Amino acid sequence: MTIYFYGADEVPYGCFSNFSDHGFHLDGVWWPTSEHYFQAQKFNGTRRADLIRRAHTPLRAAELGRDPSEPLRRDWERVKDDVMRRAVAAKFHAHADIRDILLSTGDEEIVEDTTTDHYWGRGRTGKGKNMLGRILVRTRNQLRA
């Protein structure tokens, strides 16, 4: 059985969303959500990164991070998967309750059920890369080890 998730308010798998309210310490600072961390890393070492970290909601962090008028760090395409892996790992290491939910998924495939994102989710066609789901599975395997 494939496990689908999308909204942070979905029970029990909403905690897999980058918008879920599960903060963590990483790189010496507190991140309210993994969305805050991911979006801020597009501008690592700048004032914009701190502005994103301090955003009141993950949606606002996403809006700030996706502003097309702001240039991304040059290596973003090369490092974005690793940035997401670090955020997801930190989030699940910090919270035993959601770590247990992730581990309870056994060996099932995990899919971000979004039609708007072909890279991080399943995309409109259902054949997207599902990189967030794949990172969650990898994190689950590492937590088991």
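Hi everyone. Before we start, this is a predicted model, where local features need pLDDT of at least 70 and side-chain atom pairs count only at pLDDT 80 or more, while totals for chains, interfaces and linings use all residues. Residues are numbered from 1 along each chain as its sequence is written, and side-chain values use heavy atoms, with hydrogens and water left out.

Let's begin with helix H1, residues 34–41. Helices here are DSSP runs of H or I with at least four residues, strands are runs of E with at least two, and both are numbered from the N terminus. How many of the residues of H1 are buried? Eight of its eight, so the helix is mostly covered. Buried means under 20% relative accessible area, exposed means over 50%, and partly exposed is in between, using a 1.4 Å probe and protein chains only. If you want to find them, the buried residues are Ser34, Glu35, His36, Tyr37, Phe38, Gln39, Ala40 and Gln41.

What do they pack against? The partners are strand S2 (24–26), strand S3 (29–31), helix H2 (47–53), helix H3 and helix H4 (76–94). By contact I mean heavy atoms within 4.5 Å.

Now look at H1 together with H3, residues 58–65. Their axes come within 9 Å and cross at roughly 15°. That makes H1 roughly parallel to H3. An axis is a line fitted to C-alpha atoms, for helices over the stretch in contact, and the angle runs from 0 to 180 degrees between N-to-C directions. Under 35 degrees counts as roughly parallel, over 145 as roughly antiparallel, 65 to 115 as roughly perpendicular, and the rest as oblique.

Which residues meet there? From H1 we have Glu35, His36 and Gln39, and from H3 we have Pro58, Ala61, Ala62 and Gly65. This set divides into three nonpolar, three polar and one charged. For that sorting, Ala, Val, Leu, Ile, Met, Phe, Trp, Tyr, Cys and Pro are nonpolar, Asp, Glu, Lys and Arg are charged, and the others, Gly among them, are polar.

At the start of H1, a side-chain oxygen of Thr33 reaches to within 3.3 Å of the backbone nitrogen of Glu35. Ser20 lies in the loop between strand S1 (3–5) and S2, and it counts as buried at 2% relative accessibility.

Phe5 lies in strand S1. Is Phe5 buried or exposed? At 1% relative accessibility, Phe5 counts as buried. Leaving out residues up to four places away in sequence, Phe5 touches several residues, including Tyr13, Phe16, Ile110, Val111, Leu132 and Leu136.

Last, some backbone details. Most residues other than glycine have a negative phi, and most peptide bonds are trans. Between Val11 and Pro12, though, there is a cis peptide bond, with omega about 0°. Pro12 is in the loop between S1 and S2.

Asp27 is not a glycine, yet its phi is positive, about 60°. You will find Asp27 in the loop between S2 and S3, and at 45% relative accessibility it counts as partly exposed. Asn130 also has a positive phi, about 55°, but Asn130 counts as buried at 7% relative accessibility.

Notes
Polar contact = N/O pair within 3.5 Å; in protein donor to acceptor, adjacent residues only side chain to side chain.
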